[in-house]
Amino acid sequence: MRDYEEVTAFLGEWGPFQRLIFFLLSASIIPNGFNGMSVVFLTGTPEHHCRVPDTANLSSAWRNHSIPLVRQDDREVPHSCRRYRLATIANFSALGLEPVRDVDLEGLEQESCLDGWEFSRDVYLSTIVTEWNLVCEDDWKAPLTISLFFVGVLVGSFISGQLSDRFGRKNVLFVTMGMQTGFSFLQIFSTNFEMYTVLFVLVGMGQISNYVAAFVLGTEILGKSVRILFATLGVCIFYAFGYMVLPLFAYFIRDWRMLLLALTGPGALCAVLWWFIPESPRWLISQGRYKEAEVIIRKAAKLNGIVAPSTIFDPSELQDLSSKKQQSHRFLDLLRTRNIRIITIMTIILWLTISVGYFGLSLDTPNLHGDVYVNCFLSAAVEVPAYVLAWLLLQHVPRRYSMATALFLGGSVLLFVQLVPQDLHYLATILVMVGKFGVTAAFSMVYVYTAELYPTVVRNMGVGVSSTASRLGSILSPYFIYLGAYDRFLPYILMGSLTILTAILTLFFPESFGIPLPDTIDQMLRVKGIKYRHAPSHTRILKDGEESPTVLKSTAF
């Protein structure tokens, strides 16, 4: 009996076929980068104040003083949500009284923006905020839009694996790419906030589903050595590239509907990839479709310039991938023993906190000093070295210290932001970017670490529960940024404090670097600092130069 890896070993690891699959699947992730973070510009809130209608019978002096002033960042700016009562100041204007000189403005009665708002067009020509007046009493709706997008991501992450297992990796990949692009296109025609938000939930479902399908398809087609590179650097860096392209689009297209139209273009072009990306031969074999799998492998061999054997997949010789049934395990198995219970709780906290930090800092770029487009580009660009560093750390440094260092770096610099003097705006931006660097590196390593901690029998379930915690963190992240309306530094204080506390928590995790993966719950590594009746005897530290084929070295971000 031979497994799939042995049967297809004649193809090699890095021929023209593997390179083509690597780059095409990675390229299919690019639209995810700019669609996911497009909310930074689509929900942008420009400076605004109450509209004073032209029909109001006011002198030029009273019109110029119709909006109360408030102090913001050591300067006085017009109030965003209040104006002086028009009937009162119109009466003063008719009597010939002058503001300030004849009337004390501080004692005047105020009212809400009954005639709407006037929005600055210096940064955005239009956003969904200016379109549907999502300010003042309705300012909670903009972060709700972002949260509901991540609710769609949460739902999509639940169903994407089941769909690809049933209908095939390639079919689900292209259907969900079409779903993401199609519903983004329909958002252009939204007539109200509710319609836009419902469509955005569906976009979120499509985005995560096609990401998961592309990742699974790549890991099943590519060989072991290339699979590591694809999972850690390929999809992640191409995602960051799409994220970097977003501010370029937004800089030249400042109307939200036209921006959405431009962002759907690259997604539509991905349809061409259907004729170049094959179905997963592994999945076809699991469905008993050996002939179709063999056709794909023969085409790959031809592309690589290799003569394929006369018979590739012999059902009587090949291990049937669908016949290997494992003992059924349930969610409650993640709570069965004291050790796995503690690890599950700790990993949930770890993923939740990292997700809040990553998405919170990504969504906060419009609130940084300086150009919003440059800040968004820097926030995306800093991810590339973070992914490279994380990949290197995973190869050479123990997991606990890698994770804790990245989290300490990210959390501590965020706490320093509040100490930066007002005139050193660029220093504050640099600190935020360094914080994003640390959190991103931790985010890309946490998948590997979590998979190494859980035993084979519940590994997928453990990573799935942790990933769900991550989605909950992304749903909460817009409201961390929303707190900045009350105190500019409050989001950084909260995210920085939580990240540092999580870094400390990470030091209590067991160390999995260089240790074979556990297969059963009893073989799991023990949490640090907790006494157990029996010391674990199932693990051994590998000797210098000794390798274990079951050591997990990498996975996806």
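A residue is called buried when its relative accessible area is under 20%, exposed when that area is over 50%, and partly exposed in between, using a 1.4 Å probe and protein chains only. Helices (H or I, at least four residues) and strands (E, at least two) are DSSP runs, numbered from the N terminus. This is a predicted model, in which local features need pLDDT of at least 70 and side-chain atom pairs count only at pLDDT 80 or more, while totals for chains, interfaces and linings use all residues. Residues are numbered from 1 along each chain as its sequence is written, and side-chain values use heavy atoms, with hydrogens and water left out.

The chain has 21 helices and six strands. Of its 557 residues, 52% count as buried. A contact here means heavy atoms within 4.5 Å. Among contacts between residues at least 6 apart in sequence, 80% join residues at least 24 apart.

Helix α14 shows how buried residues can be arranged. This helix covers residues 290-303, which is 14 residues, and reaches 20 Å from its first C-alpha to its last. That is close to the 20 Å expected at 1.5 Å a residue, where the expected span is 1.5 Å times one less than the number of residues. Its buried residues are Y290, A293, E294, I296, I297, A300 and A301. Seen down the helix axis, they fall within an arc of 160°, so they line one face of α14. The arc is taken from the directions from the helix axis to the C-beta atoms. An α-helix has 3.6 residues a turn, so residues three or four places apart point the same way. The face of α14 turned away from the buried side carries the exposed residues K291, K299 and K302. After α14 comes G305, which has a positive phi near 70°.

Helix α2 (residues 16-27) can be read in a similar manner. Its 12 residues should span 16 Å at 1.5 Å a residue, and its end C-alpha atoms are 16 Å apart, which agrees. F17, Q18, I21, F22, L24, L25 and S26 are buried in α2. The buried residues of α2 pack against α3 (30-37), α9 (169-187), α10 (193-221), α11 (224-252) and α14.

Next come the nonpolar cores. A nonpolar core is a set of buried Ala, Val, Leu, Ile, Met, Phe, Trp, Tyr and Cys residues joined through side-chain atoms within 4.5 Å. The largest has 136 residues, and those with the most contacts inside it are F41, I354 and M403. Helix α19 (residues 425-453) gives the most to this core, with 15 residues. Which residues does M403 touch, leaving aside its neighbours within four places in sequence? M403 is in contact with L350, I354, A442, M445, V446, Y449 and T506.

In one of them, the side chains of E111 and R83 meet at 2.9 Å, N to O. This pair links distant parts of the chain, with E111 in strand β5 (residues 110-112) and R83 in strand β4 (residues 82-84), 28 residues apart. Both E111 and R83 are buried.

R85 and E109 also meet in a salt bridge, at 3.3 Å from N to O. Their pairing links distant parts of the chain, 24 residues apart. R85 counts as partly exposed at 36% relative accessibility, and E109 is partly exposed with a relative accessible area of 46%. Another salt bridge joins D102 and R101 (3.0 Å, N to O). D102 is partly exposed at 38% relative accessibility, whereas R101 is exposed at 63%. Salt bridges that share partners join R83, E111 and D115 into one network.

Two single residues complete the tour. T130 is found in helix α7 (residues 128-132). Is T130 buried or exposed? T130 is buried, with a relative accessible area of 18%. A polar atom of its side chain lies 2.9 Å from the backbone nitrogen of T127. Leaving aside its neighbours within four places in sequence, T130 is in contact with P46 and F119.

R63 is found in helix α5 (residues 60-64) and is partly exposed, with a relative accessible area of 27%. R63 and A90 are 27 residues apart in sequence and 9.3 Å apart in space, C-alpha to C-alpha.

Key
A polar contact is a pair of N or O atoms within 3.5 Å; within protein, one must be able to donate a hydrogen and the other to accept it, and residues adjacent in sequence count only if both atoms are side-chain atoms. A salt bridge is a side-chain nitrogen of Lys or Arg within 4 Å of a carboxyl oxygen of Asp or Glu.
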